2 protein chains.
Amino acid sequence: MRYVKGFTATTMDDYQLNLINILKRAATYFPDREIVSRLHSGELLRYNYREAYERVRRLASSLERIGINPADRVGVLSWNTHRFYELFFAIPGMGAVLLEMNLRLHPNEIVYVANHSKAKAIFVDETLLPLAEAIAPHIKAEKYIIMADGDLPETKLENVYSYEDLVNEGDPDYEFPVVDERSAGTACYTSGTTGNPKGVYYSQRALVLHSLAELHAIGIKPEDVYMQLVPMFHANGWGLFYPATIGGAKLVFPGRYGVDNLGPVVELMESEGVTVTAGAPAIFLPMLNYLQSLDRKPKLNVRAWSGATEPPLAMMKGLLEFGIEVIHAYGATETTPLVCYNFLKPGLENLSEEEKWEMRRKQGIPVFGVEVMLADENGNPLPWDGKSIGELYIRGHWVTGSYYNDPRTIDSFVEDGFLRWWKSGDAATIDEHGYIKIVDRFKDLIKSGGEWISSVDLENYLVAHPAVLEACVVGIPHPKWEERPLAFVVVKEEFRGKVTKEELLDHLRQRFAKWQLPDEILFVDEIPKTSVGKASKRTLREQYKDFYMQ
Amino acid sequence: MRYVKGFTATTMDDYQLNLINILKRAATYFPDREIVSRLHSGELLRYNYREAYERVRRLASSLERIGINPADRVGVLSWNTHRFYELFFAIPGMGAVLLEMNLRLHPNEIVYVANHSKAKAIFVDETLLPLAEAIAPHIKAEKYIIMADGDLPETKLENVYSYEDLVNEGDPDYEFPVVDERSAGTACYTSGTTGNPKGVYYSQRALVLHSLAELHAIGIKPEDVYMQLVPMFHANGWGLFYPATIGGAKLVFPGRYGVDNLGPVVELMESEGVTVTAGAPAIFLPMLNYLQSLDRKPKLNVRAWSGATEPPLAMMKGLLEFGIEVIHAYGATETTPLVCYNFLKPGLENLSEEEKWEMRRKQGIPVFGVEVMLADENGNPLPWDGKSIGELYIRGHWVTGSYYNDPRTIDSFVEDGFLRWWKSGDAATIDEHGYIKIVDRFKDLIKSGGEWISSVDLENYLVAHPAVLEACVVGIPHPKWEERPLAFVVVKEEFRGKVTKEELLDHLRQRFAKWQLPDEILFVDEIPKTSVGKASKRTLREQYKDFYMQ
């Protein structure tokens with residue numbers, strides 16, 4: 001790999017890719033376009049881009065006044081509200097870093113994140129004061145800014161400011177500095193299943209380029225209405241509120257919501273005319289259940305990116321009945337997050353309907369700005385044949401090149417000249433059309449007799465059985481085959497004692513070869529979980545490590 | 001204006017915005033998508049992105065072999081062919097600069113451009129050999145590469161190579177270097193009406209960011225079919241072939257064509273199923289005439305950006321009848337070129353049909369990445385009221401910050417902190433919705449009694465009169481009012497001697513106030529033109545400078 005410098009250009013290349021330009025332009029050209037935010041009372045706050053930009057200017061000026069400086073890290077503990085949105089401009093706008101604090105993490109992990117990043121101040125939603133108060137004694141933040149809809153509540157926190165006071169007292173004519181585009185604008189810590197979270201610091205350059213990629217990928221137009229479902233503390237909430245703002249779309253922030261009570265969210269989608277959103281099966285599955293439980297049949301018109309895990313076919317087809325088109329997208333905290341999304345390329349029109357659905361379940365093809373490589377265990381490229389399983393290596397404009405101040409960087413990246421690849425840890429195939437299919441976490445793949453078995457495939461097919469509530473498959477050391485699959489199954493209440501191991505194996509035999517079947521299926525009451533609610537395969541592997549050795 | 005550096009990011013910000021990545025990705029994910037190019041014989045060449053990328057790799061390796069180095073300027077004299085397209089990747093790909101040579105310029109100007117840029121080699125389409133041979137003795141290019149469909153024709157040029165030989169002898173596995181993104185990838189010289197052309201050198205960064213803006217603005221999808229109508233030697237041919245390649249669209253290059261014979265172009269649009277193109281009224285008006293002259297009624301499905309001058313309403317409505325939706329867009333050589341394009345914003349749905357058409361004639365609102373200011377003669381901002389006329393100042397990621405090695409830079413830019421504005425020379429209004437309307441070249445505005453009169457508005461309304469073939473209005477010094485408009489009119493053959501000055505003034509009175517009317521209308525046989533075919537107002541002003549003084 002060579003690096004060359006060419007001839008001097010005359011274009012304004014010092015003009016910086018800055019996030020604040022996104023909101024400034026929306027305030028200029030779409031001043032009256034609405035922003036709707038659900039308050040804790042359930043009421044809807046309505047304002048617009050012009051007012052948002054003014055509030056952001058006021059807020060940024062107040063932050064400077066209370067001693068926040070460029071390059072400071074500023075944490076946020078919040079639900080998806082208009083204030084969190086404002087902070088995504090105000091904090092990077094003045095040159096500081098918005099630190100996304102994942103409130104679903106264990107408090108010890110939140111403490112780790114705050115201290116590792118040396119967060120100087122923390123914004124706290126009023127409903128999250130107990131959490132902030134619990135971690136405050138263990139962290140070094142100097143200031144807390146409370147985001148309350150009404151009067152400031154009582155709190156044990158010290159050096160407390162009111163968000164709305166800072167806005168009201170701020171300077172509406174504040175001029176944002178030009179920020180070097182390589183400065184971090186936001187930061188998010190990944191919640192791995194092992195060890196402490198790892199810090200990814202997104203440059204403003206990366207965030208703006210990522211926004212332009214998303215803008216085209218999901219094709220936002222000024223007529224669109226975007227709802228922010230993905231928690232904004234999770235990989236920039238997938239960042240779609242940035243391109244939605246570029247595109248001049250109306251924005252809808254649902255505030256706090258739970259997957260066990262999606263009525264208010266669905267009603268908001270209907271009443272505000274939402275056309276674009278993003279989420280994961282973890283929310284879209286209960287949303288489908290909710291929609292199907294209604295007496296009436298809501299008719300929506302939404303394109304929805306679905307990430308995190310493969311969207312079940314029944315979910316995609318079911319939601320389409322209600323006008324929600326699920327588009328599979330893929331990414332990670334380390335990739336800002338968008339790597340690829342699914343669309344049917346020209347030349348594939350002649351596939352059968354069922355083949356098209358199978359294509360739609362794949363993760364898709366990478367957007368311009370991101371490159372992938374399918375690598376074997378030695379880092380050598382594997383063919384794109386839809387069969388070879390390898391680890392997905394990723395690089396590009398908005399892919400992280402290291403973990404901040406973390407020795408684990410060494411194991412997660414591969415040097416390639418003066419560039420590097422991020423090792424995603426995802427095991428994938430890539431077909432001859434370039435469509436990526438994630439088959440497992442690389443470490444969860446089961447290596448049996450020199451061949452890979454996908455634990456995820458087995459799990460997905462197990463839960464498709466009517467009796468199965470939850471399934472988890474892990475590779476367990478085996479004297480002859482190196483590893484063999486062991487399945488754990490939680491049976492639905494009404495099927496307890498009524499389904500046998502043989503029945504489930506028969507079910508699996510419809511899809512899998514004999515050597516891919518689990519040697520044993522264990523019925524359990526529950527599957528151990530990590531702090532973010534995923535199955536803890538590490539726990540199971542550790543606990544059952546001698547199972548096939550006995 | 002302050003400049004701040006923030007906290008270190010971990011994203012791969014050294015990953016460069018390089019043009020070659022556009023074609024590489026298309027070859028990877030849309031390998032079989034077609035590229036269609038009309039050869040000089042009229043036959044259509046069909047190949048695809050995979051083959052184009054291989055040809056570009058071969059060509060780039062050969063260029064290195066024959067002594068082209070990074071940073072060298074390499075001229076191209078060509079029509080809109082697939083080879084010109086390949087050069088837009090091969091030359092920047094290896095780190096050199098593609099110099100667009102406007103074959104419509106006077107040969108003396110082409111010589112100036114070649115020498116000012118110190119072009120080391122020049123690519124010549126076989127049909128343009130006479131032009132190349134005419135300028136060769138006066139320029140310092142060391143090599144000529146001839147682009148011929150068949151055998152290499154005889155030529156007086158020395159050090160001649162065959163394009164196809166360079167391709168065939170090249171290395172299909174050539175690895176492109178990573179090029180510093182601030183290196184110039186292409187260059188174009190503006191053909192001003194005064195003095196020598198001025199050089200704009202576009203960085204690869206600017207060109208890639210511009211491509212992403214266009215990609216979203218015109219919304220290219222893989223199903224689209226893009227036809228390159230704008231000459232590729234003119235402001236990067238508006239650059240749309242770059243986003244079309246990102247989007248995976250099929251590409252159509254019409255080769256050499258003339259506005260007096262648009263049949264082959266229209267047939268190509270129909271037979272290849274073109275859905276996206278761009279051009280100017282100079283081509284769309286004759287295209288409409290051609291379409292209306294046919295016995296059959298072609299039914300196309302094209303969205304077409306129209307730039308350069310305001311699209312006449314009758315042209316927009318007429319083309320829509322044939323399925324060509326004209327979208328007004330605006331830019332300049334200095335702006336890569338896209339500044340803005342027209343679309344109806346939410347909130348304007350309730351305008352009447354005629355009001356909507358009036359909106360569509362405006363230049364539109366700037367895309368993300370470009371900022372504008374409406375400035376008075378002292379550089380102070382004017383209100384956006386749709387009435388105040390000022391000069392349009394422009395800056396942004398793909399706006400030039402200087403003219404290469406040219407003292408005229410001083411007069412064309414205004415410093416603003418460590419940034420600067422480019423003074424477009426265009427006189428404009430901006431309405432309360434942010435829509436820009438160009439009313440004239442600033443220097444062609446007529447200042448009468450302290451008020452501005454748009455020469456372009458008067459001209460447009462004059463040509464709307466059935467008897468008028470061509471009209472030109474200039475400001476002439478006046479003892480009392482500083483300047484007063486003087487109109488020159490060429491009457492259509494069949495109306496000669498049948499239309500009076502009073503009749504035309506009556507026509508203008510329907511639209512203009514008394515003080516805006518020309519004091520005199522002169523009937524002339526022709527209007528003097530510049531080398532690029534525009535009315536030479538400078539000539540008329542000079543010739544008639546004492547007209548109102550006598």
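This is a predicted model: local features need pLDDT of at least 70, side-chain atom pairs count only at pLDDT 80 or more; totals for chains, interfaces and linings use all residues.
Residues are numbered from 1 along each chain as its sequence is written, with chains lettered from A and ligands numbered from 1 in the order in which they are written. Local features need pLDDT of at least 70, side-chain atom pairs count only at pLDDT 80 or more, and totals for chains, interfaces and linings use all residues, while side-chain values use heavy atoms, with hydrogens and water left out.

Helices (H or I, at least four residues) and strands (E, at least two) are DSSP runs numbered from the N terminus, and two strands pair if DSSP finds at least two bridges between them. In chain A, strands β2 (residues 34-38) and β3 (residues 44-48) run antiparallel and are joined by 5 bridges. E34(A) has N48(A) as its bridge partner in β3(A). The hairpin has 5 residues between these strands, and G42(A) there takes a positive phi near 100°.

An open sheet of 7 strands in chain A has the order β8-β7-β6-β4-β5-β10-β11, with mixed pairing. Its edge strands, β8 (160-162) and β11 (198-203), each pair on one side only. The twist averages 25° from one strand to the next; axes are lines fitted to C-alpha atoms, for helices over the stretch in contact, and angles run from 0 to 180 degrees between N-to-C directions. Strands β5 (residues 97-100) and β10 (residues 184-190) of chain A pair in the parallel sense over 3 bridges, and L99(A) stands opposite A187(A) in β10(A). Helix α7 (residues 204-217) of chain A packs on the sheet and touches β10 and β11 of chain A, contact meaning heavy atoms within 4.5 Å. The direction of α7 makes about 75° with that of β11(A).

In chain B, K120(B) lies in the loop between α4 (107-116) and β6 (121-125). K120(B) counts as buried because its relative accessibility is 18% (buried, under 20% relative accessible area; exposed, over 50%; partly exposed, in between; 1.4 Å probe, protein chains only). Leaving aside neighbours within four places in sequence, the contacts of K120(B) include D72(B), R73(B) and E142(B).
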